[in-house]
Amino acid sequence: MERLQEKIINEGRVLSPSVIKVDSFLNHQIDPILMKEIGEEFARLFADDGITKVLTLESSGIAPAQMTALSLGVPVIFARKRKSLTLRDHLYTSKVHSFTKQEINEISVSKDYLSSEDRVLILDDFLANGQAAKGLIDLVEQAGASVAGLAIVIEKGFQEGGQLLRRQGIRVESLATITSLVNDTITFKKEEAPFV
Ligand code: G4P
């Protein structure tokens with residue numbers, strides 16, 4: 001998605017050879033027009049898949065997931081990382097290990113909102129090692145629902161998540177795939193020229 005790549009080039013800051021900061025439009029301040037375009041693109045890609053719910057993980061997945069769900073005309077559910085005051089039991093839960101943050105989160109979704117009838121599109125802002133995606137797939141499977149695929153805003157192609165998931169036969173659609181961040185240079189898949 002060209003507009004997304006331009007945004008990453010113009011506003012992304014390479015923090016290390018493995019981490020890029022995109023706080024100005026995705027992880028802190030949010031660009032609603034870009035989120036709308038992202039939602040429309042995912043809705044187009046998964047238009048024929050009979051999606052009944054979009055599932056994401058708080059917090060940065062919520063904005064693109066909300067716009068995708070709006071375009072598909074279905075509800076969006078965000079898995080929680082912490083137990084809420086009003087949501088304590090009757091939960092599907094899974095453990096997610098974050099390599100980036102070196103922490104383990106127990107993620108959960110109420111059993112009220114996922115059922116065996118559901119066909120679920122899982123969406124996240126980043127795909128790195130695939131741990132969040134694995135946890136979300138686990139929640140869907142616990143509900144007996146089916147996974148239509150994974151919608152990813154930014155995939156870090158040099159980390160193993162995308163490969164692992166695709167090898168399991170899961171459809172993964174990423175709108176921008178970064179293949180390298182070495183030397184402060186952002187290189188995208190399918191892009192001929194790197195951008196500094
Ligand atoms: P994984 O789920 O693919 O295994 O990824 P990992 O554990 O490495 O990532 C943990 C958190 O860090 C996730 O956010 C993920 O979106 C984010 N992340 C991973 N790589 C990058 C990166 O290069 N840049 C940025 N900006 N974020 C990255 P989170 O903890 O769920 O945070 P949030 O959703 O509350 O913002």
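Begin by selecting helix 3, residues 32–45, in this predicted model. The helix has 14 residues. From its first C-alpha to its last it reaches 20 Å, close to the 20 Å expected at 1.5 Å a residue.

Next, select Asp31, which caps the N-terminal end of helix 3. One of the side-chain oxygens of Asp31 lies 3.0 Å from the backbone nitrogen of Ile33.

Now colour the buried residues of helix 3: Leu34, Met35, Ile38, Gly39, Phe42 and Ala43. What covers them? The cover includes three helices, namely helix 1 (2–11), helix 2 (23–27) and helix 4 (62–72). It also includes strand 7 (119–127), strand 8 (146–156) and strand 9 (172–180).

Proceed to Phe46 and display its ring together with Arg171. The charged end of Arg171 sits over that ring, 4.1 Å from its centre. As for aromatic pairs, a search of the whole structure finds zero.

**The ligand**

An oxygen atom of the ligand is 2.7 Å from a polar backbone atom of Gly130. At Ala132, a backbone N or O atom lies 2.9 Å from a ligand oxygen. With Asp125 the side chain is involved: one of its N or O atoms is 3.4 Å from an oxygen atom of the ligand.

**Backbone features**

Move to the peptide bond that joins Glu58 and Ser59, which is cis, with omega about 0°. Ser59 lies in the loop between strand 3 (53–57) and helix 4.

Then go to the loop between strand 9 and strand 10 (187–188), where Asn183 is found. Asn183 is not a glycine, yet its phi is positive, at about 60°. Asp184 is found in the loop between strand 9 and strand 10 as well. Asp184 likewise has a positive phi of about 60° although it is not a glycine.

**Phe158**

Select Phe158, in the loop between strand 8 and helix 6 (161–167). Its relative accessibility is 31%, so Phe158 counts as partly exposed. Leaving aside neighbours within four places in sequence, Phe158 is in contact with Pro17 and Ser18, and also with Ile178, Thr179, Ser180 and Leu181. For a sense of scale, draw a line from the C-alpha of Phe158 to that of Thr68: the two residues are 90 residues apart along the chain, and these atoms are separated by 26 Å.

**Val109**

Finish at Val109, which lies in strand 6 (residues 103–110). Why does Val109 count as buried? Its relative accessibility is 1%, and buried means under 20%. Display its contacts, again leaving aside neighbours within four places in sequence: Leu55, Ile77, Ala79, His90, Leu91, Tyr92, Leu114 and Leu139.

Conventions:
Residues numbered from 1 in each chain as written. Predicted model: local features only at pLDDT ≥ 70, side-chain atom pairs only at ≥ 80, totals over all residues. Heavy atoms only, no water. Phe/Tyr/Trp six-rings, centres within 6.5 Å; stacked < 30°, edge-to-face > 60°. Lys NZ or Arg CZ within 6 Å of the ring centre and 35° of its normal. Helix = DSSP H or I, 4+ residues; strand = E, 2+ residues; numbered from the N terminus. Expected span 1.5 Å × (residues − 1). Buried < 20%, exposed > 50% of the residue type's maximum accessible area, 1.4 Å probe, protein only. Contact = heavy atoms within 4.5 Å. Polar contact = N/O pair within 3.5 Å; in protein donor to acceptor, adjacent residues only side chain to side chain.
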